[in-house]
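Here is a friendly tour of how two protein chains meet. Please load the sequence and structure, then read on.

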Amino acid sequence: MENKLEQQAIKQAMEGRASLYWWFSSLLIRELTSEQLQALCSEQGSSLLSQLATEPTLRPACEKVSNELAKLRVMQDPQLELAADYATTLLGDHRSSAPPYASLYANDSALMYQEPHQQMLEALSQWQLGITLESNEPADHFAIVLDLMGNLAIKSLESRQALTAQVDLVNSLLLPALKPWSDACQRHTGLYAALSLLLYEFVKLDLSLLQEE
Amino acid sequence: MALSRRSFLKGILGSGGAAMVGPSLLAPLSAKAAEETWKISGSHWGAFRARIAGGTVVELKPYEFDQTPTEMLEGIKGIIYSSSRIRYPMVRYEWYKNRGKANPSTRGDNRFIRVTWDQALDLFYQELERVQTTYGPWALHAGQTGWRQTGQMHSCNNHMQRAVGMHGNYIRKVGDYSTGAGQTIMPYVTGSTEVYAQGTSWPLILENSKVIVLWATDLAKNLQVGWNCETHESFDYLKQLQAKVADGNIRVISIDPVKSKTQHLLNCEQQYVHPQTDVAMMLAMAHTLYSEELHDQDFLDTYTLGFEDFIPYVMGEGEDKIAKTPEWAAQICGVDAERIKELARLMAAERTQLIFGWGLQRQQHGEQPYWMGAILAAMLGQIGLPGGGVSYAHHYSSIGVPASGASAPGAFPLNPDRPEDRVHQNSDYQGYSSTIPVARWVDAILEPGKKIQYNGTTSTLPDIKMMVFSGNNPWHHHQDRNRMKRAFEKLETVVAIDFAWTATCRHADIVLPACTQFERNDIDVYGSYCVRGVIAMQKLVDPLYQSRTDFEIMTELCRRFDKHKQYTRGMDEMEWVASLYQECREANKDRYVMPEFKQFWQDGIVLFDGMNNYVHHAAFREDPEINPLGTPSGFIEIFSRKIASFGYDDCKGHPTWMEKAERSHGGPGSDKHPLWLQSCHPDYRLHSQMCESKPMRERYAVQGREPIYMSPQDAKQYGISDGDLVRVFNDRGQLLAGAVVSDNYPQGVVRIHEGAWYGPEDEKMGALDTYGDPNTVTLDLGSSKLAQATSANTCLVSIEKFQGTAPEVTAFGGPSEVAPT
């Protein structure tokens, strides 16, 4: 009975992790739809952030995100403003903004499609997953890496290998890139700078928990 | 234990939270590993083979025919995978919200938003429609074009102008930034532009010349790049010349203020001359030739017109009553009078090939040194002889390499096939000129309606409201950035199509991401002038991000006004490439066997083995009656009645020495800003192309900035050491550059290569350029009323060691950052 309860808890935890990784992935891959923005600015968004903030290491970033959402709520055209923030923070060059690709933070070459891209291609191939985006994006776009993490979280309920793969992916690719990326995001104010902090803190926490498990 | 700490995840993003999560980016797929392949392609920097692994270009090797490949090939990966790539269609935020009412002064300092391709092309089309119907063709300038990526099918100039031309008429340019003065004056003098004409073949020069004068030309630097795919065969001949110099068979004299790369390669003599004073030196050489009866009177009598109207000016019997003696010239040009005489005597005594570069005519009165060069050559009487005469282009695109005689592949058409294909037939420019001199468009924006003299006509500058740039970066090649800033504030709409965030894109309203030439299939001539072959440009990787080929972009634009079928002629990319090849194959069928297209594409290249030597102007020399030049008289015009009839004070009926608006070494303005800034073509890139390639930039940048080359004397005087950051300034602007102290430079001369990307510290007028674009400080002035060409090399600056914390380089960024509202 106890074992069953624990399995249930593990399942919930992994599903929760997967949902969070997919949530972060959706925030990074494109501008928010009006439905996504509405949900984020509503009770649902507040409750999500409150729940995350129960974890002490996530609380400061959650507060920053909440503050940015509060600013958005009083804007005349929040969706458009947010789209401009998105472009300013993520779609420019790495000098003026913080493009969400691991390659740019892997070394100081400032080139795209470097080792992290190849590493992701191998991982996707290993787990027999393909990118469904219409745009020809490098596989090391953080949104794709995060989506894979979500997939692996679910797979890890049945595969020990998937659990190890997550630790490897976070250790070797995600976490080393997220820190400088998040730092670069802080050159801007706005929701995306706050979210980058929350993502970094969450992945850091997740890794420590994965390693404990 | 850890599980308990997962409690914050319990039920997270459950039923209600699903709305916050978008669709998955991944799907089950039985992926197979991408095969490793080698492909062939070409570029301005030469032909190469590329290894593709995992869908990525991992290695480039020069094509084996190329015996002197340029190291710039190594910068190509830096172009493809640059973080400066434009990844998505973008629209300037302020413009997106307010369109015509957008505050134009925010251009260049504003945020962008991403739009879909459909939105972007709708906006582009709506703006074309608005400008054509609200104003007319005079308000749209889509004629500013430049060095596109290579490839005959995808040449972006042709695509943009054909597509926009199918919608309506627009303003066009005449001339170009490289050779504006030369190509305008020389048709009056020798009947062709000369700057783009085939020159005497190197084997004949090597065999016959005893003296070669390299007048302000740096062959070894500039021959690294070509208009089409470059073969670098010219370097084989430079190596032979090097041996002949060493053996004492040929004497090469580089007349240049700077010790050039070519001078070092050939280990030849240098004759220093003060910047911008070459005409004075040449006039004095003419004085010596005439005074000492060393000139070829028979040649002048037989092949030229107007010597008798010119020589009084030289001998002090003209209007100014000043004899252009070597002693007179020495005061101006800094060359000893005896040395001037010695050089004139040497040239008269030996078979002498004069070879001029283009930098000389990129200055105020830039027409004069070219004209005077032709007169010197005419006085020597060797024009039309192998190894004698004058050339204006041996530094360019394999000119002088014996040509195969084959036909090169044609290109995707530049214009609509039929005038009636245009949606808007309106060709009423309302008194404005429909074509304007290339470098005067900023004048037009700032002073619409102004009448300027140009090449015997009056040009009325149009009131430009919208500009379209494709593969063209005027925020590199035009002069005086702060003046440009003022001009751009007056434009209503700017569209830029490019693959990287150039400064032009950052000052645009609609930015469309084209793919690089390495992401499309194409065809090109191998060797622009020698036509050594035809090369397949095999697509290395698919277009990255959301970029598209120019063909696709413009097809979709034309679809919006129902002209896409006429635009494409019903053919796709590969059908176009195949058809260009087939036409070329047909044109060459009597001379060269070319395989079927399928075989050609598989082989990657077809080479032509013909090596035809050529002597420039030999036919004219043989019989000037049967083979007249294209001048009004058919002869070399030493005095041009036509030009004299224009009555210009800055370009008279014969070459004259005229003082410049700014000149170093005691000339006007040198008391305030003492140093001459030379902004010649770069050694490590093609104009501004490849500046965004970090691997290449790391080879030459100093503290991340463009180098400023200077003499040890100037460095000492200004307290600057090699490697220091330097502020370069004058009354027009200021920039940061990194000091390279070198014996190659004389006192009073500094160099910053043109093409350095512009990256101002902020959006304010006069802001410090953080990377080192020389056109931040250059003068925006027409060369004369004849050519109205660029005068970039008429420029004085001051320098000082930069103190304090250097600002971050902003040149290679995307849209500028501003605090969100």
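What follows is a briefing on the interface between chain B and chain A.

This is a predicted model, in which local features need pLDDT of at least 70, side-chain atom pairs count only at pLDDT 80 or more, and totals for chains, interfaces and linings use all residues. Residues are numbered from 1 along each chain as its sequence is written, chains are lettered from A in the order in which they are written, and side-chain values use heavy atoms, without hydrogens and water.

**Extent**
- In contact (heavy atoms within 4.5 Å) are 61 residues of chain B and 83 residues of chain A.
- The two chains bury about 6,000 Å² between them, with 56% of it on carbon and sulfur atoms; buried area is the accessible area (1.4 Å probe) that two parts lose on being put together, summed over both.

**Salt bridges**
- The rule (a side-chain nitrogen of Lys or Arg within 4 Å of a carboxyl oxygen of Asp or Glu) finds 5 salt bridges across the interface of chain B and chain A.
- One of them joins A:Glu81 to B:Arg111, with the closest N and O atoms 2.8 Å apart.

**Strand pairing**
- Strand 1 of chain A (residues 129–131) pairs with strand 1 of chain B in the antiparallel sense over 3 bridges.
- Strands are DSSP runs (E, at least two residues), numbered from the N terminus, and two of them pair if DSSP finds at least two bridges between them.
- Within this pairing, A:Ile131 has B:Leu26 as its bridge partner in strand 1 of chain B.

Key
Helices (H or I, at least four residues) and strands (E, at least two) are DSSP runs, numbered from the N terminus.
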